Amino acid sequence: MEFCQCGSGFQKEKCHNTDDINKIRKSLRVSVLPKESDMDRVTTFFPLRSLDFSNASYTGILKFQLASTPAGHIIYPLFVKKANRGLRPLTIDGQIIVYDDSVEMVSIPCMLTPIHFGELIFHSKDIKAGSFSIGEATVKCEIRTKGNPFESVFSMEMKGEQIALYHHTSKENEKLILETGYFKSSKWNIQGTNELTTFHNVYFTNIPKVEDEYDLFEIGMCDKGTDLSIITDNNETEVIEVYRENPLNRPAALKVWVDWNLISTNHLILHNDKASHLAPTLLGTFSWWEIFMPFIFRVPVKLNSFLRHTINRKKNEYRLNYGPEFYKTNGFSAALGTDLHGLKINWSEVRIPRTQARQSDYGELDNEWVNIWKNNFTKLVDSTLEEMLL
Ligand SMILES: [Zn+2]
């Protein structure tokens with residue numbers, strides 16, 4: 001029996017009934033509202049939502065970062081792996097720490113895909129320190145969710161700690177990559193408009209094919225015009241310029257195996273409980289972190305440099321090699337969902353000073369952030385426990 005690649009855990013024929021993984025991904029991600037003319041159509045993303053499939057529990061490996069943010073220290077789940085499939089969680093909804101007979105148990109509620117809510121549960125005694133960046137670690141974990149997100153289009157093929165990603169480029173560049181034996185870095189920020197000055201990135205994505213404007217948007221580009229609207233949680237909007245590209249200009253999709261230790265931590269957005277991604281539960285709403293542009297994977301390298309690859313000509317696959325040009329960093333930006341200025345920095349990756357600087361601008365603890373994060377999913381769980389006890 002073949003299971004549907006939406007990750008429902010249902011038989012293919014009884015679910016989406018197609019093998020077109022790009023189609024399934026878009027049907028779950030993008031909502032298009034047609035307007036008078038094609039040029040006017042509005043594309044938005046569906047809110048992340050937990051669909052009601054059968055309860056499931058899996059054993060896997062979690063790679064996380066103990067990150068310092070203006071809201072305090074958080075456990076940032078970077079990747080979760082089950083056998084030879086991996087997922088990059090899309091949100092961080094809380095962190096629940098329970099002591100049971102002096103054993104510390106941690107649970108991270110998060111969205112594993114746009115339609116799978118999950119809990120990543122581990123014991124702190126099982127944590128193994130990471131080999132590359134300080135503050136990163138791996139741990140054996142239990143994954144509680146519904147359906148099977150690991151067989152969904154959002155999961156990635158894995159071999160040990162290597163993830164299969166894609167580098168979309170032109171036919172000419174593909175030739176260069178082959179001939180030179182390396183992947184050259186891009187000097188551009190995520191927005192594609194400013195040159196980065198501390199390090200450059202080799203960009204990858206987990207989207208196997210760039211077919212249309214929806215795929216382009218997932219990797220921070222636009223095809224028509226160069227404008228993209230940023231909307232804050234208070235519905236303030238500002239149009240920013242992004243890199244313009246024709247989806248047909250990147251016909252070469254190179255499959256590249258990338259060590260997860262080489263991948264940068266993505267920026268974050270902290271949304272307050274009024275901007276919950278899930279419909280209010282009986283217990284109320286909660287604040288959460290959104291992983292910014294989760295379909296973009298960056299490997300940082302020294303300015304104007306490159307990383308060598310090894311090619312498997314039989315399979316037509318590349319492997320990215322670690323080298324001295326790799327720029328070790330696990331820093332990232334974070335913005336409040338209500339703060340237009342901060343959101344613009346996530347896109348531009350340039351520290352634009354504001355008229356009245358705030359503590360969070362320097363990465364320091366900031367009361368507003370701390371108070372927002374206090375309302376995360378953990379609070380809902382705590383209040384139910386309290387009610388049960390009273
Ligand atoms: Zn399906």
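Predicted model: local features only at pLDDT ≥ 70, side-chain atom pairs only at ≥ 80, totals over all residues.

Reader: What makes something a helix or a strand here, and how many buried residues does H2 have?

Author: Helices (H or I, at least four residues) and strands (E, at least two) are DSSP runs, numbered from the N terminus. A residue is buried if 20 or more other C-beta atoms, placed from the backbone, lie within 10 Å of its own, exposed if 12 or fewer, and partly exposed in between. Among the ten residues of H2, the count of buried ones is one, so this helix is hardly covered.

Reader: Is Gln5 buried or exposed, and how do you know?

Author: Gln5 has 22 C-beta neighbours inside 10 Å, and the cut-off is 20 or more, so Gln5 counts as buried. Gln5 is in the segment before helix H1 (21-29). Contact means C-beta atoms, placed from the backbone, within 7 Å. Leaving out residues up to four places away in sequence, Gln5 touches Ile21, Ile24, Glu151, Ser152 and Val153.

Reader: Why is Asn304 called exposed?

Author: Asn304 has 10 C-beta neighbours inside 10 Å, and 12 or fewer is the limit, so Asn304 counts as exposed. Asn304 sits in the loop between strand E23 (296-301) and strand E24 (306-312), and has a positive phi of about 55 degrees although it is not a glycine.

Reader: And what makes Asn316 exposed?

Author: With 9 C-beta neighbours inside 10 Å against that limit of 12 or fewer, Asn316 counts as exposed. Asn316 is in the loop between E24 and strand E25 (317-320), and its phi is near 55 degrees, a positive value in a residue other than glycine.

Reader: What makes a nonpolar core, and which residues touch the most other members of the largest one?

Author: A nonpolar core is a set of buried Ala, Val, Leu, Ile, Met, Phe, Trp, Tyr and Cys residues joined through C-beta atoms within 7 Å. The largest has 78 residues, and Leu120, Phe204, Val256, Val258, Leu270, Val299 and Leu320 touch the most other members. Strand E4 (residues 72-82) gives the most to this core, with six residues. Leaving aside neighbours within four places in sequence, the contacts of Val258 include Phe204, Val299 and Leu320.

Reader: Into which domains is the protein divided?

Author: The protein is divided into domain 1 (12-151) and domain 2 (157-372), with bounds from an automatic or database domain assignment. Their centres, taken over C-alpha atoms, are separated by 17 Å. The contact takes 36 residues from domain 1 and 32 residues from domain 2.

Reader: Why do E6 and E26 stand at the edges of their sheet?

Author: Two strands pair if DSSP finds at least two bridges between them. The open sheet has four strands in the order E6-E22-E21-E26, with mixed pairing. Strand E6 and strand E26 (334-336) each have a single partner strand, so one side of each is left without a neighbour in the sheet.

Reader: How do you know that E21 and E26 pair?

Author: Three bridges join strand E21 (residues 268-271) to E26, and at least two are needed, so the two strands pair. E21 and E26 run parallel, and Leu268 stands opposite Ala334 in E26.

Terms used
Residues numbered from 1 in each chain as written. Contact = placed C-beta atoms within 7 Å.
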